[in-house]
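Visitor: Could you take me through this structure? I would like to ask about its packing and its charged pairs.

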Amino acid sequence: MSVLLIGTLDTKGAELAYVRDRLVSAGVSVLVADAGVMGAPAFEPDISREVLYSRTGTTSETIKASGDRGKAIALAAEGAAKLAAELYREGKVAGVLSLGGSAGTTIGTAAMRALPIGVPKLMVSTLASGQVQHYVGTRDVMMINSVVDISGINRISRKVLDNAAAAMAGMIQSSLQKQATTVEDKPIITATMFGVTTPCVEAARKQLEAAGYEVLVFHATGTGGKTMEGLILDGLVSGVLDITTTELADELVGGVLTAGPDRLTAAASKKVPQVISVGALDMVNFGPPETVPHKHKGRRFHQHNPTVTLMRTTPDEMDQLGKEIAQKASASAGPTAVVLPLRGVSAIDAEGMSFWWPEADQALFQSIRNWIAPAVELIELDMHINDPSFAEACVTKLKEMMRKEK
C-alpha cells in the first residue's frame, strides 16, 4: 500500500522528488505519477504520463502537439482521477498527495475526489488560502497553503513540504493500523437538518441511534446535500431520513445554498428506503441584506443573523417545489414515503411567526397530493415539523420500510 504522489514532473520535479524522499524516510512506500506534458520529466516516475493519459483515450504526444494548455490540464485531471480510482480498487494505494499551482491543484484534487471518504488526501497548493470549494467538492480533501510559490526548495517551502510529508505519513500509518482492527459497523442512516428543523432531526437521531443505527446528519447548506447524495451513490447508506429538503428552494429561486438539480435523486436510483419531508421549504437563503437580488424587493424577509437573510417562498414557488418533490419521490425504485407536517415546515413557519403563510404551505401540500404516484406512501400529520410526535412518526416509518427491505 503506497502513497500516490501526483504532479507535473516537468515543472515541479525537484519539489516532488523532495516530498518523495521525505515520505520514504518516514517509512512510507511511494508511487510517483507524472501528469506533465510539455517538457521532459525531471526524473523517472513510477507511473509515466503515457500511462496516465492513456486512461483518457489519448496520448501525451497528441496533447503536446495541440498546444492547448487548458485541454491538457483537463485531460490530466481526468486521467489522474481514473488512475487513482483504479489503483485504489486494486489495493495498491492508501492515500494521495499532490502539490502545485492552479494546474497542479486541478489535477491532484481530481484524483483525490475519485477516492472514498476516509482515504487520506492532501493537497499542497498556492490556492489553499482562497475559495477551494471547487477543488474539495464533497470529499475530505485537506489543503495546505504553500505560502510561497512551489518553485524551488527554500527555507519556507522546505518547512511546508516537510509538514505535508509528515502529515501524510502519519495519516497512512494510522489508517493501516485501524484497518487491522475489526470494528462492527452499524447500518448507516443519513438525515438532513437546518437550524429551523433541529428539534425534529435531533429527536429522530436519538431514536435511531437507540435502535442500533449510525446516523450521519448533514447540514442542508448545498454542500451538505451534495455530500449526502454522494454517499448514497457510493452504496454506503441503508436508509435516508430527508427531513430538510430546503436546498430545492434555493435551486429553484436562486438562493446561495443550492445542492444542484440532482438533489433528492440518489436514494431513488439506488433503491434505498427513504422518508422525505418538506423541512425549511418556506425559505430561500441569501447573504447580508445588500446581497439579495433587486428583483426580490418587496418580498417577505427574515434576518436570521447579520450574514444570513431568509426570503419566504411564495405560493407559486411552493406549488413548483411540491411537484418536484412528488416527481422525484415517484421515480424511486425503492420504498419511499413523503411525510407532511400540516402545521408548519420550519421553526419560523408557525402561527405567530415571521414566515407563517398557510396559503403558501397549502400550495405545497396540494401540489404533492396532485403529483405523487400511488406507489409512494403519502402521510399527512396535523403537527408542526418540530413536534416530537412528528419525528417519532418519521422514524417509525423509516424503520418499518428498512425491516421489510431487509
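Visitor: Leaving aside its neighbours within four places in sequence, which residues is Ile 107 in contact with?

Guide: Ile 107 is in contact with Ile 6, Thr 8, Ala 35, Ile 73, Ala 76, Ala 77 and Ala 80. Contact means heavy atoms within 4.5 Å. Please note that this is a predicted model, in which local features need pLDDT of at least 70 and side-chain atom pairs count only at pLDDT 80 or more, while totals for chains, interfaces and linings use all residues. Residues are numbered from 1 along each chain as its sequence is written, and side-chain values use heavy atoms, with hydrogens and water left out.

Visitor: How many residues does the largest nonpolar core have?

Guide: The largest nonpolar core has 28 residues, and Ile 107 is one of those with the most contacts inside it, along with Leu 4, Ile 6, Tyr 53 and Val 96. Such a core is a set of buried Ala, Val, Leu, Ile, Met, Phe, Trp, Tyr and Cys residues joined through side-chain atoms within 4.5 Å. Buried means under 20% relative accessible area, exposed over 50%, and partly exposed in between (1.4 Å probe, protein chains only).

Visitor: And which elements give two or more residues to this core?

Guide: They are strand E1 (2-7), helix H2 (49-54), helix H4 (69-89), strand E3 (93-100) and helix H5 (102-113). H4 gives the largest share, 8 residues. Helices (H or I, at least four residues) and strands (E, at least two) are DSSP runs, numbered from the N terminus. A second, separate core of 26 residues includes Ala 249, Ile 276, Met 311 and Ala 360.

Visitor: Changing topic, how many salt bridges are there?

Guide: The structure holds 21. A salt bridge is a side-chain nitrogen of Lys or Arg within 4 Å of a carboxyl oxygen of Asp or Glu.

Visitor: Which residue does Glu 86 form a salt bridge with?

Guide: Its partner is Arg 55, with the closest N and O atoms 2.8 Å apart. This pair links distant parts of the chain, 31 residues apart: Glu 86 is in helix H4, and Arg 55 is in the loop between H2 and helix H3 (60-66). Arg 55 is partly exposed, at a relative accessible area of 27%.

Visitor: What about Lys 328: buried or exposed?

Guide: Lys 328 is buried, with a relative accessible area of 15%. Its side chain meets that of Glu 324 in a salt bridge (2.8 Å, N to O). Glu 324 counts as partly exposed, at 21% relative accessibility.
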